[in-house]
Amino acid sequence: MLKAAIEKIQELCAPTQFEIDGHHYLASKENGYSEVLPDLFFADEITLSSLDALVKFVKTEAVKNHDAVYITIPDHKTVKCFTHPNKELRMNREYLYRAEATDVPGWNEKVSLSFEEALIALRTRFQSATDTEYALRLLSNITTGGKVTYNDNGVATSVVTKKGIDLQSNEAIKPIIKLRPYRTFQEVAQPESQFLIRINERNITFIEADGGMWKLEARNTVKKYLEEALKAESDAGKVVIVL
């Protein structure tokens, strides 16, 4: 009798499933009722390492399987591609692709290097810019016999460079120079930005001096690249590209 009573109580307390207008619900005395929703299945987002790969995926796959896709550039090293909300997926978006510039050297807001290291960095981690040759010549003069003389007015120091056996020239160092470190996707031109340079007897320090505006320039450059590469799809309304 005890076993039968327990089973009857369990039966009365068990949740009840029912259907209304094609929707399934689960009801119980303790928790009220809630809709039973089927599991959603999304294709895994594909991570890419170049803009070229992203363009090829969009052209050959995304625009054929979706009415429209959206591409956004949230930062200078990331591009995302996703769909509009889908009713069949309970108004969720599908995130299709993500391109990440993981293979660029990068450059911090403040970098201190020895003169030899800076010479190497300017040739390997920078695109040619307005003051690249000036910076290379300055560092080359220092490493081949020049010395830094502190005639510092708070803006710039100066360097004494040997010419010949005894002749020396005293040259004021430009406090602000324009350079293009590799900081975004390598398929596009790297953004040129200003750097404050400070020099002492042992090293040179590059300090970012444009307030991070180069990041917006980089995003706009990536956007322009994608607009040109996906022009036909964009004109047809199949691709929308935004920052």
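Visitor: Which residue in β15 is the bridge partner of K110?

Guide: The bridge partner of K110 in β15 is I207. This is a predicted model, in which local features need pLDDT of at least 70 and side-chain atom pairs count only at pLDDT 80 or more, while totals for chains, interfaces and linings use all residues. Residues are numbered from 1 along each chain as its sequence is written, and side-chain values use heavy atoms, with hydrogens and water left out.

Strands β8 and β15 (residues 203-208) run antiparallel and are joined by five bridges. Strands here are DSSP runs of E with at least two residues, helices are runs of H or I with at least four, and both are numbered from the N terminus; two strands pair if DSSP finds at least two bridges between them. The pair belongs to an open sheet of five strands, ordered β8-β15-β14-β13-β9 with antiparallel pairing. Its edge strands, β8 (110-114) and β9 (126-127), each pair on one side only.

Helix α3 (residues 115-124) packs on this sheet and touches β8, β9, β13 (176-181), β14 (193-199) and β15; contact means heavy atoms within 4.5 Å. The direction of α3 makes about 120 degrees with that of β8, where axes are lines fitted to C-alpha atoms, for helices over the stretch in contact, and angles run from 0 to 180 degrees between N-to-C directions.

Within helix α3 lies A121. A121 counts as buried because its relative accessibility is 5%; buried means under 20% relative accessible area, exposed over 50%, and partly exposed in between, with a 1.4 Å probe and protein chains only. Leaving aside neighbours within four places in sequence, A121 is in contact with W107, L113 and F126. The C-alpha atoms of A121 and P105, which are 16 residues apart along the chain, are separated by 10.0 Å.

Beyond this part, the largest nonpolar core has 24 residues, and those with the most contacts inside it are L54, V58, I71, V79 and L226. A nonpolar core is a set of buried Ala, Val, Leu, Ile, Met, Phe, Trp, Tyr and Cys residues joined through side-chain atoms within 4.5 Å.
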